[in-house]
Amino acid sequence: MAAGALSGCGSYLPEEDLMEISIPQFQRRVSQVRMNQLLWKVMDRFGEKYPQMRVEPASGGGGGYQELMIRVMEGNPPDIMSFAGADTGLIFSYVKQGHVLDITDYLYGPAYDTPGATWLETIDPLYHESLMYEGRFYAVPQNVYSLQLYCNSALYRRAGATLNPQTWDEFLDNCERLKRIGVIPITQDGIHWYTVWWFEHLVLRILGADKLRQALRDPERPTPWTGAGFLQAARMLEDLLDRGYFVEGFAGLNHIESEFLFWRGQAATVFVGNWLTSARRDIMGDFPLHTYAFPAVEGGAGDLRELMGYARALSIPALARHPEEAAHLLRLVNSRWHQQQMVQEVLRVSSLTDAPIPVVHQGLDVVLGEKTGFYPFSFDLEGEHPFLYRQYWDEWNRFMVAREISAVELLENLEQIFTRYFRIAAIESAALI
Amino acid sequence: MENRQYGPILLKIVTILLMGLYCLSSLGALVWVVYTSFKSNTEFFSSTWALPATLRLSNYAYAWENAEIGLYFFNTAYISTLATCGSVMLSAMVAYVLARVVFPLRQFTFFLFLAALMVPAMLYIFPLFVQMRHMHLTNNHLGLLLLYIAMGLPFSVFVLTGFFRTLPTQLEEAALIDGASPWKTFWMIMLPLAKPGLITVSIFNFINVWNEFFWSLVLLRSGKLYTMARGLQTLFWNMSAESRWTELFAGLVIVMLPLVILFIFLQDRITEGLTVGALKG
Amino acid sequence: MIQRELRKLILPLLVPGLLLHIVFFVVPAVNAFYYSLTSWSGLTPYKNFIGLTNFVRAFTDRTFLLALENVVLFGILGFLIVFPTSLLFAVVLADKPPFERFLKFIIFAPTLLSVVVTAVLWGSIYNPVIGLLNETLRALGLGAYAQPWLGRHGTALPAITVAMVWQGLGTYVILFLAGLQKIPRSFYEAAELDGASPWQQFWHVTLPLLWDVVQILVVLWVINAIQAFALIFVITRGYPNVIEVMGTYIYWAGFQGQSVGYGTAMGVIMFFVVLIFSLLVNRLMRRETVEY
């Protein structure tokens, strides 16, 4: 005890043969969480090639994004980084500011256990965009999360609702039927970024991906928020709220609590990512689960086969002490061997081409199998401009959760916020020494 | 005439009711936490109110071992002790000079210490963090210790300076005439006389360092180095994400216990010491 | 002459503590003013000088204004609850009621515990699904009132204020108790001889003599409200929310929002707020201290 205390008292410099790995759910070996156990299998296999390296989970524990940032600021990043800023993918501002290793060359090397293919070729091309910055690769995906609507198929059938609504009107019709049989149509997390998804998906369906990307990311503002399609999206959601299809008081519910209502059969629909099932496997049992993609909007430019989500990105820091070893570890994480286990045992969705789809997600095979596009949440706004993303999200919540402002005010405010932010950003980068 | 007599009686009744309500709910919440910590999670989810079927100690074992609250306890204990000793010692030294020695900029130096009490910590968190990074004092106990010692100085200096001022000047005069060096005078005579003040300040410091959260959040990255407050925060976030409330409550009880036990045994001493401090302040 | 001797002590006694204080407080505090004039992200070595842009930005930043508003509301609301409550409790305790030790224990124990403990305890109480508050309401048949307390601004503010008051009550009760015990009995006896009712005694004897305690209470409470961080941070798990306060927002700005310069600028603003407030309190509450 005393020795431990004393050794902690001195400078805690990382030891030479120690690799600290920051992957969500990767904890100490004693933890029986399935994903953790699978990751330790990867670590053991890694140890077969590099027996002298010791592997440890980097601590952080909850609210991990601030932990990672502080470590990077300190100049002491973990040997493998997992960007988890509100759980978007690769955080581009870290790349821009030179903290992430360019791993393109590793990716053009051979894959771990797919003969004849490079590592890069084993990853589904639709996910490549979210791993790249200015043509180079900075991350690989551990798994993929896509957003879709999950429903309790038994309740839907009882209410006479269609299991695969193709349009928004059909979706509204479903909600009405559910309400009539006394079930909460939609349960919702009101605290996290889950609320913004409704807006982004509606815009995606009405105006298409390019317009949404421009509104979110383009400093020149070729597509301002005050344009026509955005107002329609906001009004449609307002209508959904006014009809009372959301659970009462969702303002204070976090995702666990809101999903509770779903698992208990009190609410019939939840709009969430496919982590829903991988995290809740034990509770699920023989729950009548079904999933369908966010419906299309009549007359809209978008297709319901376009999905939003993110690839959980793993990267190597620029200051890595063991880049070769870290790259090998990532190669193992992307191997068919590990990915298959992940799919079968933890029910996650793999990023590999031709990967099997987890069996329990009824309907997910259709959603994923037919996808024609895959776009990151908010087109990675959070990854590059966290402050702007925060203001965007706060403003949206004033509209959807607090119901303080009207749709018109929302869009005017958003445009003002974005314009002002980009103007200040221009000043700040112009003053570069 | 009669109204005025009912007034204060009514107030007294209301106050007693209020106090009763406060104590009942406070106690109720704490009792709830304690008996829930003996339940299993399935028991807890089926009924929040019910008493546990059996007294499960596994939650406590989990909190102490897996969640490492035991380790955090030892970390906190030795850091608090060292920081308090260091802080009190240094502030007594500083306070004596500020109280008794006349030198230019004496008022200014005193004010410099006092200023820290009025300045909100959020002003300097980032510069301090960056500075400590440059000094290699982040993510280790040495840095945390030095910071805690420094943070304890302003208030202790304030209290102890006042204290030293009340001691008669004849003491130094007499000692110096007897041939004692000023150094000896301080350590042998003045410091022992300041004992009541030192005790007050020590208690204050100890409790503050024991409970300190913000800097252990900002400075400590490695789980092995956490203090109890930090460990409890991590436990709370992790356990509620996994819906393991009973383990969380066990951890909460463990964290609450040391100071509560200390308080039960030293209640009079502590309140007396703090009252003295309050009066001086 | 003794001063000449005593001055030899300056180096060994004063300097170590002073040095520590300068390194860990004075230097960073001064640096803060410099950082606030830059657009430093925290992740690069580049600190671009942008003058007062950060300050202008703060006043058009809705979240900053929300955080400021919350801090003010916590300060005012909390004070309105804490002041009468602690005074009343102190009055009851001063009369040596039965179970005095137990009462003192219950009132004072929360102050001894870390704010994290309070946060975890009250966070669990307010939990919408399994929390004590909602479960109690449902058990009493008042299930209609069970709601996510921390979700809406209107309910979250009082809820957190209650937790803050619960935590801080002990200190203020002790302060008032000490103040009350200083007042000599003879004052009350004299007042009674003059025909004053208990109410008048309270108003004209007790309160004026407690005035400096009240002053301390105001300053302490407001500083407590302004610096509030741990309670909100732990309960909200570091996520943006409706009860954002200056402490959590500044922390977020630097450690997630990648705007250390802006975060420090907000800290500078808070510094001036506290400064102005302390000066105001000093002016407004200055009364002749009663000597006795």
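**Exercise 1.** Leaving aside its neighbours within four places in sequence, which residues is A:Asn334 in contact with? Determine also where A:Asn334 lies and whether the residue is buried or exposed.

*Solution.* The model under study is a predicted one.

Step 1. Locate the residue: A:Asn334 belongs to the loop that lies between α14 (323-333) and α15 (336-346) of chain A.

Step 2. List the contacts. Beyond the neighbours within four places in sequence, A:Asn334 is in contact with A:Trp119, A:Ile123, A:Val140, A:Pro141, A:Gln339 and A:Leu352.

Step 3. Examine the polar contact: the side chains of A:Asn334 and A:Trp119 make one at 2.9 Å.

Step 4. Classify the residue. The relative accessible area of A:Asn334 is 5%, and buried means under 20%; therefore A:Asn334 is buried.

**Exercise 2.** Describe how strand β10 of chain A is covered and which strands pair with β10(A).

Step 1. Separate the two faces. One side carries A:Glu306, A:Met308, A:Tyr310, A:Arg312 and A:Leu314, the other A:Leu307, A:Gly309, A:Ala311, A:Ala313 and A:Ser315, and all of these are buried.

Step 2. Take the antiparallel partners. Strand β3 (residues 81-82) of chain A is joined to β10(A) by two bridges, with A:Leu314 as the bridge partner of A:Ser82. Strand β6 (residues 140-152) of chain A pairs with β10(A) over five bridges, also in the antiparallel sense; here A:Gly309 is the bridge partner of A:Ser146.

Step 3. Take the parallel partner. Strand β11 (residues 373-376) of chain A pairs with β10(A) over four bridges in the parallel sense, and A:Gly373 in β11(A) is the bridge partner of A:Glu306.

**Exercise 3.** How many residues does the contact take from chain B and from chain C, and what is the area buried between these chains?

*Solution.* Step 1. Count the residues: 96 come from chain B and 93 from chain C.

Step 1. State the area: about 8700 Å² is buried between chain B and chain C, and carbon and sulfur atoms give 81% of this area.

Step 2. Examine the charged and polar pairs.

Step 3. Helix α13 (residues 245-280) of chain B supplies the largest share, 18 residues. By class, this side of chain B has 78 nonpolar, 12 polar and six charged residues.

Definitions and conventions:
Residues numbered from 1 in each chain as written. Chains lettered and ligands numbered in written order. Predicted model: local features only at pLDDT ≥ 70, side-chain atom pairs only at ≥ 80, totals over all residues. Heavy atoms only, no water. Buried < 20%, exposed > 50% of the residue type's maximum accessible area, 1.4 Å probe, protein only. Polar contact = N/O pair within 3.5 Å; in protein donor to acceptor, adjacent residues only side chain to side chain. Contact = heavy atoms within 4.5 Å. Buried area = accessible area lost by both parts, 1.4 Å probe. Nonpolar A, V, L, I, M, F, W, Y, C, P; charged D, E, K, R; others polar. Pairing = 2+ DSSP bridges.
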